[in-house]
Amino acid sequence: MKIDPWSSSTYQDYTRLRDEFGIEEFSENQWKRLPHPHRLIRRGVVFGHRGFSMILDAVEHQKPWAILTGLMPSGRMHLGHKMVIDEVIYYQSIGADVFIAVADIESYGTRGYSLKETRNLALDEYIKNYIALGLKPENCRIYFQSKNESVKDLAFLLGKKVNWSQMVSTYGFTGSTNMTHVLSPLIQTGDILHVQLPTYGGVRPVLVPVGVDQDPHIRLSRDIAQAHRLFNVMKTKDNRIGVFIKPDEHVAALLDHAEDLLHALGYHKLQRITEYKALYIDDAQEKDIMMLDQRFAESEPSFDGYGFLAPSATFHRFMTGLTGGKMSSSKPESAIFLSDTPAEAKKKIMQAKTGGAVTLEQQKKEGGNPDACMIYELMLYHLIDDDNELKTIYQSCRNGTQMCGMCKKKTAELMERFLTDIDEKRKQADDVLDEYLE
Ligand code: TRP
Ligand code: SF4
């Protein structure tokens, strides 16, 4: 199995995917520590993560952190696209700085749109909807890849620690892949890491919430961040905690600094072994490692390093299309667009694939299957925020007291309310657009 960010494949077995790629389970023990967790989190739609404990630590100790997402403008914005921004708005409400990249270079390189087309599409289809959905302008920056010098510089500079075979094995590039496409994962790494540069808020935890198709980019960004670190705090195979110097130059000066920093932090049982470029901290405990690593990262810019902390990520499931398969802008009947009229949406809802039985009699007797029902998915992902209410619907579907006709009708009504509200708010977004743009 391979994850290809540019294919239109659907994924079925998320548990297998998670295990195969070493994504960690996003467990209740972890998300329970978030204040009023979002429904996509409570309901297991967000099913995996990498490095989320760093974000929890920042949230719990009210330390600065950021969230970054990117949008690739291609086609109209639908409910599948809405999930990421729902998450972003939630995290903004609990204190994250927000950055949103418009992936115009990626769209140009991989989808064949011009930069101008992507600009208009991004503003009209995506950004206005983000604002209508509740994104706030405070501590929020939306920028275009093609206009952001820091992002582009990083793409060139960070590429030094990645080689061609790695790109080929990760992305399946071939001799005929165009070079802008080849560069686009590095631009995305630039998106993800530039927010830790001093002018964008400095070294701090960064969360990137994505669909699982983006995992190759997440792995690349985490590897690259790691590869550019000067100091590494970790536990060795023989169970000793130590600081290890990555570069081969200025080792003595870096070890001096490590010693000073550790003394200042109250550690004194230190053993320096210069030939290993190591400083062992025998009075450190395993639970100190994350904190220590962050302190060293923060000090790296004064040694001409970046100090990038490995970005954290969460992964969400994709929405199923109304007709089964994937929800996709290229199949309008599979998707509900945020700019659909209530009548258009209703028509698609009435024709959607449900988990109902073949006959009414049978459904009364055996019940329906909400787990294989697009209508239920609409309620679960988007339309019903109250967990008890959703549970009641689930049960009355299962026990055969709720029939699909009524259920669809009710869903269409909820959708109408949502679309009308969004349309209203989108009209006002024009006036405030400038407050968000870089
Ligand atoms: N590649 C993403 C997509 O296809 C868009 C994107 C660009 C992105 N930069 C990003 C996503 C940074 C997350 C973080 O949708
Ligand atoms: Fe889906 Fe509702 Fe029918 Fe159950 S009753 S299968 S939830 S449409």
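Predicted model: local features only at pLDDT ≥ 70, side-chain atom pairs only at ≥ 80, totals over all residues.
Visitor: How many cavities of 30 Å³ or more does the structure hold?
Guide: A cavity is a set of points where a 1.4 Å probe fits but cannot get out. With the cut-off set at 30 Å³ or more, the count for this structure comes to one.

Visitor: Which elements give two or more residues to the lining of the largest cavity?
Guide: The largest cavity has about 110 Å³ of space. Of the 16 residues lining it, C373, C397, Q402, C404 and C407 are the closest to its centre. The elements giving two or more residues to that lining are helix 16 (374–383), helix 17 (387–398) and helix 18 (404–432).

Visitor: What takes up the space of the largest cavity?
Guide: Look at the shell of residues there, which includes C373, C397, C404 and C407. By class, this shell has seven nonpolar, five polar and no charged residues. The space is taken by ligand 2.

Visitor: Which residues are closest to the centre of the largest pocket?
Guide: That pocket holds about 990 Å³ of space. Its lining divides into 18 nonpolar, 17 polar and five charged residues. Of the 40 lining residues, the closest to the centre are M72, H81, D213, Q214 and F318.

Visitor: And the second largest pocket, which helix gives the most to its lining?
Guide: About 530 Å³ of space lies in this one. It is lined by 24 residues, with F318, T320, D371, E377 and Y381 nearest its centre. With five residues, the one that gives the most to the lining is helix 16.

Terms used. Residues numbered from 1 in each chain as written. Chains lettered and ligands numbered in written order. Heavy atoms only, no water. 1 Å grid on protein atoms, 1.4 Å probe; cavity = no way out; pocket = protein on both sides within 12 Å on 5 of 7 lines; lining within 4 Å. Points joined across faces, edges and corners; volume = space filled by probe spheres on them. Helix = DSSP H or I, 4+ residues; strand = E, 2+ residues; numbered from the N terminus. Near = heavy atom within 4 Å. Sits in = over half its atoms within 2 Å of the grid points. Nonpolar A, V, L, I, M, F, W, Y, C, P; charged D, E, K, R; others polar.
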